[in-house]
Amino acid sequence: MATVTEIKQAILSLPKSEYDQIIAWLHELEEQEWDRQIELDAASGKLDFLMAEARRAKSAGTLKDL
């Protein structure tokens, strides 16, 4: 298995088109991880405060449409 330093050097030596493919792939992985973490946080109740805040804003008439 290559080290992080070796992987970084290999990425930097790629032709632009292949470098762009790696970047796109890494962004996709990051987005998938973000989605997974949001789902876990929502399921565990960590985001319940946001719903409560929105309900309070709606009751106060200060909730804004996006």
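Predicted model: local features only at pLDDT ≥ 70, side-chain atom pairs only at ≥ 80, totals over all residues.
Residues are numbered from 1 along each chain as its sequence is written, and side-chain values use heavy atoms, with hydrogens and water left out.

## Overall form

The protein chain has 3 helices and 0 strands. From the N terminus on, its elements run α-α-α. Helices (H or I, at least four residues) and strands (E, at least two) are DSSP runs, numbered from the N terminus.

The radius of gyration of the protein chain is 20 Å, whereas a compact globule of 66 residues would have one near 11 Å. That radius is taken over C-alpha atoms, and the globule rule is 2.2 Å times the number of residues to the power 0.38. Along the principal axes, the C-alpha atoms fill a box of roughly 55 × 25 × 15 Å.

Burial is next. Of the 66 residues in the protein chain, 3% are buried. Here buried means under 20% relative accessible area, exposed means over 50%, and partly exposed lies in between (1.4 Å probe, protein chains only). The protein chain exposes about 6,200 Å², and carbon and sulfur atoms supply 60% of that area. Accessible areas come from the Shrake-Rupley method with a 1.4 Å probe; for residues, only the protein chains shown count as cover.

Helix H2 takes in residues 16–44. At 1.5 Å a residue, its 29 residues should span 42 Å, and its end C-alpha atoms are 42 Å apart, which agrees. The expected span is 1.5 Å times one less than the number of residues in the helix. Just after H2 comes Gly 45, with a positive phi of about 90 degrees.

Helix H3 takes in residues 48–60. Its 13 residues should span 18 Å at 1.5 Å a residue; the end C-alpha atoms are 19 Å apart, which agrees. Gly 61 follows H3, and its phi is also positive, near 75 degrees.

## Salt bridges

Side chains of opposite charge can pair when their charged atoms come close. A salt bridge is a side-chain nitrogen of Lys or Arg within 4 Å of a carboxyl oxygen of Asp or Glu. By this rule the count comes to 3 salt bridges.

| Lys 16 | Asp 20 | 3.0 Å |

Take Lys 16 and Asp 20. They are 4 residues apart in helix H2, so about one helical turn separates them. Lys 16 is exposed, with a relative accessible area of 61%. Asp 20 is partly exposed, at 34%.

Arg 36 and Glu 33 both lie in helix H2. They are 3 residues apart, about one turn of the helix. Arg 36 is partly exposed at 41% relative accessibility. Glu 33 is partly exposed too, with a relative accessible area of 37%.

Asp 41 sits in helix H2. Its relative accessible area is 16%, so Asp 41 counts as buried. Lys 46 counts as exposed because its relative accessibility is 55%. Leaving aside its neighbours within four places in sequence, Asp 41 is in contact (heavy atoms within 4.5 Å) with Lys 46 and Leu 47.

## Surface patch and a reference distance

Trp 25, Leu 26 and Leu 29 form a nonpolar patch on the surface. Together they have about 290 Å² of accessible area. Patches are made of residues with over 30% relative accessible area and no salt bridge: like charges are joined within 9 Å, and nonpolar side chains (Val, Leu, Ile, Met, Phe, Trp, Tyr) within 5 Å. Leu 26 is found in helix H2. It is partly exposed, with a relative accessible area of 37%.

Gln 32 has its place in helix H2 as well. At 43% relative accessibility, Gln 32 counts as partly exposed. Its C-alpha atom and that of Lys 46 are separated by 19 Å. Gln 32 and Lys 46 are 14 residues apart along the chain.
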